[in-house]
Amino acid sequence: MAHVTVVGGGLAGCEAAWQLASRGHEVTLVEMRPARRTPAHQTDRLAELVCTNSFKSEERTNAHGLLKAEMRALGSLVLHAAQGARVPAGAALAVDRDLFSARMTELVSAHPRIRIERREMTGLPDGPAIIATGPLTSDALSAAIRELLGHEGLAFYDAIAPIIAGDSIDLAIAYPAARHAKGDGDYLNCPLDREQYRAFLEALRAADVYPGHDWENIPYFEGCLPIEVMAARGDDTLRFGPMRPVGLPDPRTGRTPYAVVQLRREDRAGQMWNMVGFQTRLRTGEQRRVFRMIPGLEHAEFLRYGSIHRNTYLQFPARLTPWGAPPDRPDLLFAGQLTETSIKGIRLEYSGTVAELNIKPLTAAGVAGIL
């Protein structure tokens, strides 16, 4: 059985290492944290969730749920750990991010065929290897990948939402409910009437944001747009997006609010709540000022502020084979978010031409199956 090097201890890297080791391969898993940090990670644990704690829907009638069913059938480590760390989130699979990363670290570290090395990989390894370093790949390794593929790669900006302390939410205003009764009141909902929504929208549009560098030339991830970017697209964009009130009647009045801000549990104890869909690049002082205009969040304590970071990824269709290898290195596979970022429909300019992107993912389980 071949010895395989897996670079990157995120979701894809851990899954690939586990699947390979379970099939008899000896695996070295190289993770650069804590020797080298990233702009978004907070800990040195494996499989740390940087953005959302939700893996989205488990219903098999949509792509998210069907993918999970397929992964479970393949014995997915990620879904096994997620099941043990899940928190109530309606039809979605959401996890306590600390419990999840701790469990993933425990399981991977305990596997007898996986050796973990904590160091930065500055070049591409020889022999069978999987590169699953994600969109926050270090500069040195990114340079080695660019040299191998002969291309600078592509990029987009991704944002994360604030997290609020549970005991700072006014439960006399925020009410528990899951959209369309999918779940037992798993979300907290902050209702806004028309006047409150208009005042919030006006304040959001006028708020100060962190200045961008190349944000005007590189697109945002359409599935995770900053809230202020959505607000600029139209008066009702938020009401028909992350603040849509459909399926969330206030049980105390029996009426559906004009708009709703949903809060999703971040931990099992309910001490931390994520502002669903409120990714932002507002300055921290502006986040406090504007988001405290939301009914129920007037005294909100921010445990984590929203922020934005640059993500890079590969031009998969043009530079890699269908299974994710460079044409002249069939023993080297790229996997995970480094290869696929679900930005279908965004138009990017590269190499003097404009291309419509619709890149399909190569899952970690699929990588293991190929090897």
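**Salt bridges and burial**

Reply: Asp236 is partly exposed, with a relative accessible area of 31%; here buried means under 20% relative accessible area, exposed over 50%, and partly exposed in between, with a 1.4 Å probe and protein chains only. The model is predicted, so local features need pLDDT of at least 70 and side-chain atom pairs count only at pLDDT 80 or more, while totals for chains, interfaces and linings use all residues. Residues are numbered from 1 along each chain as its sequence is written, and side-chain values use heavy atoms, with hydrogens and water left out.

Me: With which residue does Asp236 form a salt bridge?

Reply: A salt bridge is a side-chain nitrogen of Lys or Arg within 4 Å of a carboxyl oxygen of Asp or Glu. In this structure the partner of Asp236 is Arg239, and their closest N and O atoms are 3.4 Å apart. Arg239 is buried, at 17% relative accessibility.

Me: How many salt bridges does this rule give?

Reply: The count comes to 18 salt bridges. Among them is the pair Arg252 and Asp250, whose closest N and O atoms are 3.2 Å apart. Asp250 is buried, with a relative accessibility of 8%, whereas Arg252 is partly exposed at 44%.

Me: Where do Arg103 and Glu106 lie?

Reply: Helices (H or I, at least four residues) and strands (E, at least two) are DSSP runs, numbered from the N terminus. Both Arg103 and Glu106 belong to helix 4, which covers residues 97-110, and they are three residues apart, about one turn of the helix. They form a salt bridge with 3.1 Å between the closest N and O atoms. Arg103 is partly exposed, at 32% relative accessible area, and Glu106 is also partly exposed, at 48%.

Me: Which residues are linked in a network of salt bridges?

Reply: Glu31, Arg33 and Glu48 are joined in such a network.

Me: What is the secondary structure of the chain, and what share of its residues counts as buried?

Reply: The chain has ten helices and 18 strands. Of its 371 residues, 55% are buried.
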